[in-house]
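This note sets out some comments for a colleague who has the sequence and the model at hand. The points are numbered so that each may be checked against the coordinates.

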Amino acid sequence: MQENQIVFKNVSFRYQEDQPWVLKNVSFSIQSDEWVAILGHNGSGKSTIAKLMNGLLFPDQGEIFVHGIEVTPETIWDVRAKVGMVFQNPDNQFVGTTVRDDVAFGLENRGVDRLVMIKRIKESLEAVSMEDYLLHEPHRLSGGQKQRVAIAGVLAIQPDLIILDEATAMLDPRGRKEIISTVNNLRVETRVNLVTITHDLNEIVDADRVIVMNEGEVWIETSPRELFAKETELRTIGLDVPFVAKVTNRLKDTVEFSEQPLRQKELIDTLWTFHSQT
């Protein structure tokens, strides 16, 4: 039976008392072994949610629970032991002069035994295909490689939940695809909970569930397949669907789809079947 890993109960937040609410009475839960994508345009409140999950911010109203622990100033270190976070700019996370030193940093802070530390560094770098860069200087790596090292640093501390806060925003399309593929493989292999914060619907295809934010409120909770069918509605809140979904939505008057295709292969297979039957 799955348990709730993250729970938001009627959470509201604003950065200053004289400013508008960034989040307004937000409630949702995330179960163990689940990949949830939190989606929204800039200013929708999605990145604020990420910071609230990790105790970088605290709600003005409502409650947040991580593994049953309420997120408060008194519990932040217990919470952060369970939650790892990868930010948009990996350079802001680097503290070591080599890739090895950087991945070791979080382990050293937790007083992990040296032999255990060596094993975890090796395993986490292998998991993101960066084991050959052990002694490289992080600032000399490509954007995608830097983000992989940042993910390895989080993996090494073995959190129950990893949050990627716009972690692919600074990468080119190829780099974005590689990071999303890496993260999806890690999720399958380690069963770690995953929350991705993004405005790019191309990155949510493999997610179990999507929470769409708009103007500080939950606009909809649904699956990627169901969301991609809502192209017109998404445009009203400043979001657009991937190319495969656009083609599918324009063919629905002439082609019968048993379900909304997520990938190009699914679309092609459906069209081929339809053509064979006509």
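1. Asn 10 belongs to strand β1, which covers residues 4–13. In this predicted model, its phi is near 50 degrees, a positive value in a residue that is not glycine. Most residues other than glycine have a negative phi. With a relative accessibility of 41%, Asn 10 counts as partly exposed.

2. Thr 75 sits in the loop between β5 (69–70) and α2 (76–80). Is Thr 75 buried or exposed? The relative accessible area of Thr 75 is 17%, so the residue is buried, the cut-off for that class being under 20%. A polar atom of the Thr 75 side chain lies 3.0 Å from the backbone nitrogen of Thr 72. When neighbours within four places in sequence are set aside, Thr 75 is in contact with Ile 69 and Glu 70.

3. Met 85 is part of strand β6, residues 83–86. A relative accessible area of 6% makes Met 85 buried. Which residues does Met 85 touch, not counting those up to four places away in sequence? They are Ala 50, Lys 51, Asn 54, Leu 56, Gln 93, Val 154, Ile 163 and Asp 165. As a reference distance, the C-alpha atoms of Met 85 and Ser 223 are separated by 24 Å, the two residues being 138 apart along the chain.

4. Gly 96 occupies the loop between β6 and α3. Its relative accessibility is 18%, and Gly 96 therefore counts as buried. Gly 96 and Pro 138 are 42 residues apart in sequence, yet their C-alpha atoms are 7.9 Å apart in space. Leaving out neighbours within four places in sequence, the contacts of Gly 96 are with Asp 101, Asp 102 and Pro 138.

5. The next point concerns helix packing. Two packed helices are described by the angle between their axes and the distance between the axes. Helix α3 (residues 99–109) packs with α5 at an angle of about 35 degrees, and their axes are 8 Å apart. The crossing of this pair, α3 and α5, is right-handed. On the α3 side the contact is made by Val 99, Asp 102, Val 103 and Leu 107, and on the α5 side by Val 149, Ala 152, Gly 153 and Ala 156. By class, the residues of the contact of α3 with α5 are 6 nonpolar, 1 polar and 1 charged.

6. Helix α4 (residues 114–127) also packs with α5 (residues 143–156); the axes come within 8 Å and cross at roughly 135 degrees. Because of this angle, α4 is oblique to α5. The crossing of α4 with α5 is right-handed. Arg 120, Ser 124, Leu 125 and Ala 127 of α4 make the contact with Ala 152, Leu 155 and Ala 156 of α5. The residues of the contact of α4 with α5 comprise 5 nonpolar, 1 polar and 1 charged. Ala 152 and Ala 156 of α5 take part in the contact with α4 and in that with α3.

Definitions and conventions: Residues are numbered from 1 along each chain as its sequence is written. This is a predicted model: local features need pLDDT of at least 70, side-chain atom pairs count only at pLDDT 80 or more; totals for chains, interfaces and linings use all residues. Side-chain values use heavy atoms; hydrogens and water are left out. Axes are lines fitted to C-alpha atoms, for helices over the stretch in contact, and angles run from 0 to 180 degrees between N-to-C directions. Helices (H or I, at least four residues) and strands (E, at least two) are DSSP runs, numbered from the N terminus. Angles under 35 degrees count as roughly parallel, over 145 as roughly antiparallel, 65 to 115 as roughly perpendicular and the rest as oblique. A crossing is left-handed if the near helix is turned anticlockwise from the far one by less than a right angle, and right-handed if clockwise. Contact means heavy atoms within 4.5 Å. Ala, Val, Leu, Ile, Met, Phe, Trp, Tyr, Cys and Pro count as nonpolar, Asp, Glu, Lys and Arg as charged, and the others, Gly among them, as polar. Buried means under 20% relative accessible area, exposed over 50%, partly exposed in between (1.4 Å probe, protein chains only). A polar contact is a pair of N or O atoms within 3.5 Å; within protein, one must be able to donate a hydrogen and the other to accept it, and residues adjacent in sequence count only if both atoms are side-chain atoms.
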